[in-house]
Amino acid sequence: MNKSGFQPSLKGRALRLLSQREHSRTELERKLAQHEEVPGELAKALDELQARDFINDGRAVDSLVNRRAGKLGSARIKQELATKGLSGEAVSQALESLKDTEFSRAQEVWRKKFGTPPQDPHERTKHMRFLITRGFNAEVARRVVKADGWVDDPSD
């Protein structure tokens, strides 16, 4: 520890992270563990912040879903939520709500990247692989990248 410089408290560090975006408790524990000098100090600081609703895993789920849904499919979003230590009912509800928009979100991601139908089977495979790596399931990718070419939605 630098004795001449100011060292923010664990609570201060947590608040700084939370001011940038929502974080799960697990994520904060992982990021702040290296700064804990007294065992139990971090848990106490996070308990206080959670009691005051500064840490709210439900908000963290909503925040991640809102930030990432325009670019990623449900599988990748689920993976990111798990990486941040988020699980349970809030995650299940969020993933369930994404099911209805999965095709239209995949279509938009595809349009931004490619915009024109694939010209051959190799290109079609490339388009589908792109969508699958973004977390869209294979059936959705297949429907978006049709073998007979792109058909625009008449409601656009």
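## Helix pair H1 and H2

Helix H1 (residues 10-20) and helix H2 (residues 25-32) have axes that come within 11 Å and cross at roughly 125 degrees. This is a predicted model. Angles from 65 to 115 degrees count as roughly perpendicular and those over 145 as roughly antiparallel; H1 and H2 are therefore oblique to each other. The crossing of H1 past H2 is right-handed.

On the H1 side, Leu-10, Arg-13, Ala-14, Leu-17 and Leu-18 make the contact. H2 contributes Leu-28, Lys-31 and Leu-32. Sorted by class, the contact of H1 with H2 has six nonpolar residues, two charged and no polar ones.

## Nonpolar cores

The largest nonpolar core has 13 residues. Those with the most contacts inside it are Val-61, Val-65, Ile-77, Leu-81, Leu-86, Val-91 and Leu-98. Helix H4 (57-68), helix H5 (74-83) and helix H6 (89-99) are the elements that give two or more residues to this core.

What does Val-91 contact, leaving aside its neighbours within four places in sequence? Its partners are Val-61, Leu-81 and Leu-86. Another core, of twelve residues, lies apart from the largest one. Trp-110, Phe-130, Leu-131 and Val-140 are among its members.

In soluble globular proteins, nonpolar side chains tend to be buried together.

## Glu-80

Glu-80 sits in helix H5. Is Glu-80 buried or exposed? Its relative accessible area is 17%. The cut-off for buried is under 20%, so Glu-80 is buried. Not counting residues up to four places away in sequence, Glu-80 touches Leu-64, Arg-68 and Leu-72.

Definitions and conventions. Residues numbered from 1 in each chain as written. Predicted model: local features only at pLDDT ≥ 70, side-chain atom pairs only at ≥ 80, totals over all residues. Heavy atoms only, no water. Axes fitted to C-alpha atoms, helices over the stretch in contact; angles between N-to-C directions. Helix = DSSP H or I, 4+ residues; strand = E, 2+ residues; numbered from the N terminus. Parallel < 35°, antiparallel > 145°, perpendicular 65-115°, else oblique. Left-handed = near helix turned anticlockwise from the far one by under 90°. Contact = heavy atoms within 4.5 Å. Nonpolar A, V, L, I, M, F, W, Y, C, P; charged D, E, K, R; others polar. Core = buried A, V, L, I, M, F, W, Y, C linked by side-chain atoms within 4.5 Å. Buried < 20%, exposed > 50% of the residue type's maximum accessible area, 1.4 Å probe, protein only.
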